[in-house]
Amino acid sequence: MIFPLPLRLAMRELRGGIAGFRIFMLCLALGVAVIAGVGSLGAAIEAGLKADSRALMGGDVEFTLVLRTATTDELGYLEAAGQVSHVAQLRGMARTSDGQNRSLIEIKSVDEAYPLYGSVTLAPAAALADALAKRDGQWGVVVAPALMDRLRIKPGDAIRIGDATLAVRGGLVHEPDGISGLIEIGPRVMMASGALAATGLDQPGVLVNHSYRVKLAPGGDAAAMVAGARTRFPDAGWRIRQFNNAAPSLQTLLDQMTVFMALVGLAALVVGGVGVGNAISSYLAGKTETIATLKCLGASRREVFETYLAEILALAGCGIALGLVAGAAAPYVAVPLLPAALPVTARLALYPAPLFEAALFGLLTTLAFALWPLGAAAEVAPASLFRAKVEPLLGRPPKMTIAAVVAFCVLLAALAIVTAPDRATASWAVLGTVAAMLVFRLAAMALVWAARRGGRPRYPSLRLALANLYRPGAPTAAVVASLGLGLAVLVAIALVEGNVAEEIDMRLPERAPSFFFIDIQPDQVAAFDALLQGMPGVVEEGRVPSLRGRITRINGVPVDKARVAFDARWAIQGERGLTYAAAPPRGSRVVAGAWWPTDYHGEPLLSFDADLARGMGLALGDTLTVNVLGRELTARITNLREIDWTSLGINFAIVLSPGALDGAPQTNIATARTAPENEAALERAVIDRFPNVSAIAVKDALQALGDMVRAIGAAVTAVAAVALAAGALVLAGAIAAGHRRRVYDAIVLKVLGATRRDVTLSFLIEYGLMGLAAAGLAAAIGTLAAWLLMTRVMHAPWSFLPGVVAATVLAATLVTLVAGYAGTWRALGAKAGPYLRNE
Amino acid sequence: MSAAPTDPLVRVDDVHLTLGSAAGPVNVLRGVSLTIEAGESVGLVGPSGSGKSTLMMVLGGLERPSAGRVVIAGADLGALGEDALARFRRDTIGIVFQSFHLLPTMTALENVAIPLELAGRGDAFAQARSVLDAIGLGARVLHYPSQLSGGEQQRVAIARAFVARPKLLLADEPTGNLDGATGRIVMDLLFRLRAERGTALLLITHDHELARRCGRIVGLADGRIAGDASVPAALAGAP
């Protein structure tokens with residue numbers, strides 16, 4: 001014999017067919033597919049990021065200075081390392097020649113070396129240098145198609161930007177380094193460096209990012225070059241990136257989405273695990289006769305255990321394989337659906353690492369949920385063959401098996417935490433899932449207890465339904481727990497989505513200003529204020545100075561060595577807005593420490609965002625060092641503020657005391673509000689008078705934000721629906737497992753005189769009660785989870801959306817009723833003979 | 001400890017068995033003492049609820065008595081753990097059930113071979129085929145239980161019980177689910193194999209004619225031995 005005996009016996013047992021295992025395999029396949037799919041898609045996008053990283057960033061190394069260009073020495077150092085391309089980026093306003101149409105734009109001025117990697121695609125096709133060259137005294141620009149739509153222009157038309165009139169020479173179809181941010185409010189306009197000078201927009205204090213991309217000479221070492229730059233120019237204040245960190249914002253978003261969707265996939269796997277456990281329990285309960293016979297013939301507990309473990313692992317392998325195939329195919333399905341605006345070309349391929357991880361999850365889930373019924377089955381007494389046939393039940397497994405179950409559950413949780421980019425969030429999610437399952441389980445037990453204590457209702461259908469809820473082997477607890485968990489995830493996501501959508505679509509616009517006006521020069525302030533005050537129906541809500549700086553040290557520790565929480569890292573990535581003020585800004589509340597006196601003059605003091613302080617481990621009295629235009633400024637934190645970012649007022653995480661930034665080049669930001677019908681006139685008046693000022697229409701920004709949130713929400717909901725699908729599978733499995741009993745009950749009841757209506761009603765009541773219990777619990781737990789997420793994690797306003805919850809509860813109850821009815825219909829159609837003769 | 005040549009194969013000493021129930025403890029066996037010699041055939045008769053099946057379970061190591069001692073082939077069953085009892089059954093006991101209890105996903109050949117496979121015998125299938133051929137089911141070796149008639153299933157079950165050459169065969173109403181003619185064929189087979197292998201037999205039956213085919217009849221009533229007499233050779237029928 002080639003195979004050991006348990007394996008041989010397992011193969012023979014499989015001849016009985018896999019009908020009882022379809023649900024088991026589907027449950028596993030679903031959870032594994034989600035984890036594998038999310039991981040594979042993430043890997044495909046990440047591979048695209050890596051493969052195109054040089055083109056995405058525009059070079060091997062990038063040095064970015066804000067508000068100033070490189071000095072001669074700095075430029076000389078860069079040019080000694082290889083070929084250098086200088087790109088300047090800023091916001092501006094474009095107007096048609098007749099002044100009728102205008103738009104905020106993202107300007108990129110490039111030199112002749114651009115692009116160092118990749119290529120620019122224009123429509124009609126043309127060489128970039130030709131399109132941007134000065135011809136007949138006029139510089140050329142290429143513009144994003146969205147701008148041509150907005151301004152209703154075409155190639156050959158002229159537009160005004162700042163003080164210059166520029167010729168539109170083509171549409172900008174593709175730029176290799178097109179990741180400017182996650183949300184683009186203004187369409188792109190590309191021009192030559194000389195054209196930017198002609199616009200007059202590059203003035204002191206205007207937020208211009210000067211990026212110097214370096215294509216290293218052959219043999220060049222990027223790390224050494226960067227280290228040399230930091231040593232040689234310690235106070236340059238430049239942000240340095242290497243090509244392997246080409247798109248940090250996109251990377252962060254990808255990480256967060258991957259974390260979330262993977263955790264939802266894990267929830268689906270846990271729910272599916274309940275289905276696995278149920279299916280195996282049901283199968284083994286039907287095998288008690290075989291197990292008892294084997295033991296009568298001399299099989300030991302171990303031989304029985306190993307036989308059925310081998311069978312279950314073989315089938316689990318099939319389910320996992322199915323899930324892996326679906327997951328591996330996910331990028332091929334999802335990538336074409338990704339928004340065209342995603343500047344990364346995902347690389348379609350097989351990625352073994354996420355598949356291996358998903359398979360491991362599947363295996364651990366199988367073992368965690370299968371060992372209990374397996375262990376119990378091995379304890380089946382051989383004497384049961386001689387006893388009267390009652391509903392076959394599996395008892396408790398031995399202590400060693402229970403310990404093994406606990407061990408595999410812990411391993412499963414540990415794997416979920418260790419493989420997540422954000423382990424803190426993953427830990428909370430795992431704890432939350434376990435807690436939710438426990439709560440559902442307890443609630444289900446309470447339902448069973450209540451049904452048992454429900455007395456003897458008058459109506460037989462109700463009496464039978466209640467009795468079925470607590471009869472030995474009833475799947476009540478498992479169905480309520482697993483369906484409930486899937487529903488709770490969906491309710492929580494639906495409520496969060498609903499709240500975010502309400503915030504973006506309704507609440508924010510109500511309190512949002514009409515415009516943010518940026519890049520107001522200091523010598524324009526008085527005229528600007530006067531213009532707005534002179535316009536009827538326009539209210540200038542605020543105006544503050546605005547500078548840019550980068551946090552370089554946290555309490556004396558360089559940022560790259562400081563411990564910063566995951567959700568505070570955004571503040572140390574790149575430039576941050578700074579301001580100074582004599583009084584606390586509107587829209588924020590001092591929650592610790594005290595504000596400085598309005599006439600304060602002294603050492604630099606700093607007011608900091610309370611959440612960021614928590615994330616960076618900062619307290620009152622600690623220091624923060626910011627680099628502003630190459631100058632390091634260290635300030636002591638004297639108060640912490642809670643900022644309501646949703647007020648959409650002018651808010652800064654960092655506010656310095658007056659005098660700290662004297663002499664630093666700066667501009668001003670102002671917000672203004674007016675009635676929607678006056679907005680166009682307000683914008684026109686400001687831009688015509690101050691061509692260097694950019695107007696950001698808040699509703700356009702909210703629209704772009706809303707679109708992105710809705711796209712993400714759709715993806716998240718789709719994944720969450722998987723968790724619900726897993727719950728539905730568990731329900732289907734419970735119905736399938738109980739089918740034979742249901743048929744027997746129906747036949748005996750009919751023989752005794754019950755009508756079809758009586759029988760149908762009792763089954764519907766039974767499933768309706770289970771569905772209602774699951775849905776009611778899901779509504780409560782899902783609402784609590786959503787409230788916690790909105791108020792404690794996102795710090796956003798919360799409102800209960802009864803429509804969402806009611807719809808979910810109704811849908812769930814309906815699904816269980818339909819499923820129960822379908823099972824009953826089949827039972828009522830069965831012929832009586834075979835069941836009565838065998839029994 | 002192995003049995004001395006003169007020891008009976010089976011010795012049951014004052015066995016009591018009390019089972020718990022929702023209505024209170026039930027004394028199923030109340031001091032049963034019994035011996036069975038090697039090669040002896042014993043019919044066990046008695047009304048329903050007298051404890052016949054329970055006594056058989058005690059002899060098969062499937063139930064532990066509340067008091068008393070059971071020694072079979074020199075082995076004290078009370079001193080054996082569950083897995084040791086399983087091995088004991090594998091090596092020493094054969095059991096034939098009223099409901100056959102063939103394994104539904106295994107062929108007739110595999111069903112018969114399984115006790116030898118459990119014992120780690122490399123010739124399990126050869127032995128099984130030999131037995132099936134001997135009882136006229138050589139053409140049905142690859143058939144599953146669902147493809148066999150009731151009588152054929154019981155014959156396969158008997159072959160399975162005998163294939164390991166057990167010292168003791170326990171048969172619980174082996175013809176209870178069979179019609180008269182089929183039952184006679186099955187019992188003829190059972191007694192023939194018993195005689196060929198010298199296997200001791202304890203046969204539970206309601207059929208007194210069948211009981212008289214045994215060398216001895218033991219009556220059980222209300223958990224106690226109510227009678228124990230040998231059947232005159234003239235009335236015993238087939239050896």
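This is a predicted model: local features need pLDDT of at least 70, side-chain atom pairs count only at pLDDT 80 or more; totals for chains, interfaces and linings use all residues.
Axes here are lines fitted to C-alpha atoms, for helices over the stretch in contact, and the angle between two of them is taken between their N-to-C directions, from 0 to 180 degrees. Two packed helices are described by the angle between their axes and the distance between the axes. In chain A, helix 2 (residues 22-51) packs on helix 9 (residues 248-285) of chain A at an angle of about 165°, and their axes are 6 Å apart. Because angles over 145 degrees count as roughly antiparallel, helix 2 of chain A is roughly antiparallel to helix 9 of chain A. The crossing of this pair, helix 2 and helix 9 of chain A, is left-handed. Sorted by class, the residues in the contact of helix 2 of chain A with helix 9 of chain A are 18 nonpolar, six polar and one charged.

Helix 1 (5-13) of chain A packs against helix 3 (residues 108-118) of chain B at an angle of about 160°, with 12 Å between their axes. That angle makes helix 1 of chain A roughly antiparallel to helix 3 of chain B. The crossing of helix 1 of chain A with helix 3 of chain B is left-handed.

Aromatic rings come next. Over all chains, the count comes to 10 aromatic pairs. In one of them, the ring centres of Phe21(A) and Tyr283(A) lie 4.3 Å apart and the ring planes stand at 55°, so the pair is tilted. Phe21(A) belongs to the loop between helix 1 and helix 2 of chain A, while Tyr283(A) belongs to helix 9 of chain A, so the pair ties together parts that are 262 residues apart in sequence. Both Phe21(A) and Tyr283(A) are buried. These two residues also form one aromatic cluster with Phe24(A) and Tyr308(A).

Arg54(A) lies over the face of Phe243(A), 3.7 Å from the ring centre. Likewise, the charged end of Lys215(A) sits over the ring of Tyr117(A), at 5.0 Å from the centre of that ring.

Helix 10 (residues 288-296) of chain A is largely enclosed by the rest of the structure, because eight of its nine residues are buried. The buried residues of helix 10 of chain A include Thr288(A), Ile291(A), Leu294(A), Lys295(A) and Cys296(A). After helix 10 of chain A comes Gly298(A), which has a positive phi near 115°.

The peptide bond joining Tyr114(A) and Pro115(A) is cis, with omega about -5°; Pro115(A) is placed in the loop between strand 3 (102-110) and strand 4 (121-123) of chain A. A cis peptide bond also runs from Ala123(A) to Pro124(A), where omega is near 0°, and Pro124(A) lies in the loop between strand 4 and helix 5 (128-132) of chain A.

Arg152(A) has a phi near 55° and lies in the loop between helix 6 (145-151) and strand 6 (158-161) of chain A. Arg152(A) is exposed, because its relative accessible area is 67% and exposed means over 50%. In chain B, Asp14(B) has a positive phi of about 45° and lies in strand 1 (residues 10-19) of chain B. At 42% relative accessibility, Asp14(B) counts as partly exposed.

Key:
Residues are numbered from 1 along each chain as its sequence is written. Chains are lettered from A and ligands numbered from 1 in the order in which they are written. Side-chain values use heavy atoms; hydrogens and water are left out. Helices (H or I, at least four residues) and strands (E, at least two) are DSSP runs, numbered from the N terminus. Angles under 35 degrees count as roughly parallel, over 145 as roughly antiparallel, 65 to 115 as roughly perpendicular and the rest as oblique. A crossing is left-handed if the near helix is turned anticlockwise from the far one by less than a right angle, and right-handed if clockwise. Ala, Val, Leu, Ile, Met, Phe, Trp, Tyr, Cys and Pro count as nonpolar, Asp, Glu, Lys and Arg as charged, and the others, Gly among them, as polar. Rings of Phe, Tyr and Trp (its six-membered ring) pair if their centres lie within 6.5 Å; planes under 30 degrees apart count as stacked, over 60 as edge-to-face and the rest as tilted. Buried means under 20% relative accessible area, exposed over 50%, partly exposed in between (1.4 Å probe, protein chains only). A charge sits over a ring if NZ of Lys or CZ of Arg is within 6 Å of the ring centre and within 35 degrees of the ring normal.
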